[in-house]
Amino acid sequence: MCSFQDKADWSSRTENAFIRIVHDHVKKGDLQTSTFTKKIWTTISDELFEQSQKRFNAGQFKSKFNRLHKKHREFSDLVAHTGFGCDPISNTVTASEAYYQTLGEIFNTTTASGHLHFSSSQVPLSSDEDHELEENFLGHGVHVDIEDDDS
């Protein structure tokens, strides 16, 4: 039985099917300026339902389309910087060794990793957790290997 999704559930399989379907419509010339007509969105909806058995509304499609567009723009900006590239086989962003070496010289002495790594969005540690972290650090230490070409 077909179920209409109130909150869009985009599994990677469904997202990939959506991208293939949209790409086919772009190649057919169905993209009008930066979006599709209502008729084409309906066709895309039917094609995706046929492949995924999931039904989405127009707002969910447009929202997904806009998020993918934003992702593409951010990725394009990233690879446009000198030293960055893309490895299509591993699907990863690449950078030259010199680029990583330069970043290492800048950040290796100031970047925490492993147990000491905390992002600014994390909830602060309780005093017990902070004490445990300190004990682990003092008991085990942290070593970062920095090559010095001047030696």
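This is a predicted model: local features need pLDDT of at least 70, side-chain atom pairs count only at pLDDT 80 or more; totals for chains, interfaces and linings use all residues.
Q: What links Lys70 and Glu74?
A: A salt bridge, meaning a side-chain nitrogen of Lys or Arg within 4 Å of a carboxyl oxygen of Asp or Glu. For Lys70 and Glu74 the N to O distance is 3.8 Å. Both residues sit in helix H3, four residues apart, about one turn of the helix.

Q: How many salt bridges turn up in the whole structure?
A: The search finds four. One of them joins the side chains of Lys54 and Asp9, at 3.4 Å from N to O. Lys54 is in the loop between helix H2 (38-52) and helix H3 (58-80), and Asp9 is in the segment before helix H1 (12-27), so this pair ties together parts 45 residues apart in sequence. As for burial, Lys54 is buried at 18% relative accessibility, whereas Asp9 is partly exposed at 40%.

Q: And what do the side chains of Glu15 and Lys64 do?
A: They meet in a salt bridge too, at 2.4 Å from N to O. Glu15 belongs to helix H1 and Lys64 to helix H3, so the pair ties together parts that are 49 residues apart in sequence. Glu15 is buried at 16%, and Lys64 is buried at 7%.

Q: You keep naming helices; how many helices and strands does the chain have?
A: Helices (H or I, at least four residues) and strands (E, at least two) are DSSP runs, numbered from the N terminus. Here the chain has five helices and two strands, in the order α-α-α-β-β-α-α along the sequence.

Q: How do I read an aromatic pair, say Phe36 and Trp41?
A: Two numbers do it: a pair of aromatic rings is described by the distance of the centres and the angle of the planes. Rings of Phe, Tyr and Trp (its six-membered ring) pair if their centres lie within 6.5 Å; planes under 30 degrees apart are stacked, over 60 edge-to-face, and the rest tilted. The whole structure holds nine aromatic pairs. Among them, Phe36 and Trp41 are edge-to-face, with 5.1 Å centre to centre and 85° between the planes. Phe36 and Trp41 are buried, and one aromatic cluster takes in Trp10, Phe18, Phe36, Trp41, Phe56, Phe61 and Phe65.

Q: Which residues of the largest nonpolar core touch the most other members?
A: In soluble globular proteins, nonpolar side chains tend to be buried together. A nonpolar core is a set of buried Ala, Val, Leu, Ile, Met, Phe, Trp, Tyr and Cys residues joined through side-chain atoms within 4.5 Å. The largest one here has 14 residues, and those touching the most other members are Phe18, Phe36, Trp41, Ile44, Leu48 and Phe61. H1, H2 and H3 each supply at least two residues of this core.

Q: What does Phe61 touch?
A: Contact means heavy atoms within 4.5 Å. Leaving out residues up to four places away in sequence, Phe61 touches Trp10, Phe18, Trp41, Ile44, Ser45, Leu48 and Phe56. Phe56 sits in the loop between H2 and H3 and is buried, with a relative accessible area of 3%. Phe56 and Ser45 are eleven residues apart in sequence, and 6.8 Å apart in space from C-alpha to C-alpha.

Q: Where is Ser52, and what does Ser52 contact?
A: Ser52 is in helix H2 and is buried at 11%. Beyond its neighbours within four places in sequence, Ser52 is in contact with Arg13 and Thr14.

Q: How much of the whole chain is buried?
A: Buried residues are 19% of the 151 in the chain. Among contacts between residues at least 6 apart in sequence, 52% join residues at least 24 apart.

Methods:
Residues are numbered from 1 along each chain as its sequence is written. Side-chain values use heavy atoms; hydrogens and water are left out. Buried means under 20% relative accessible area, exposed over 50%, partly exposed in between (1.4 Å probe, protein chains only).
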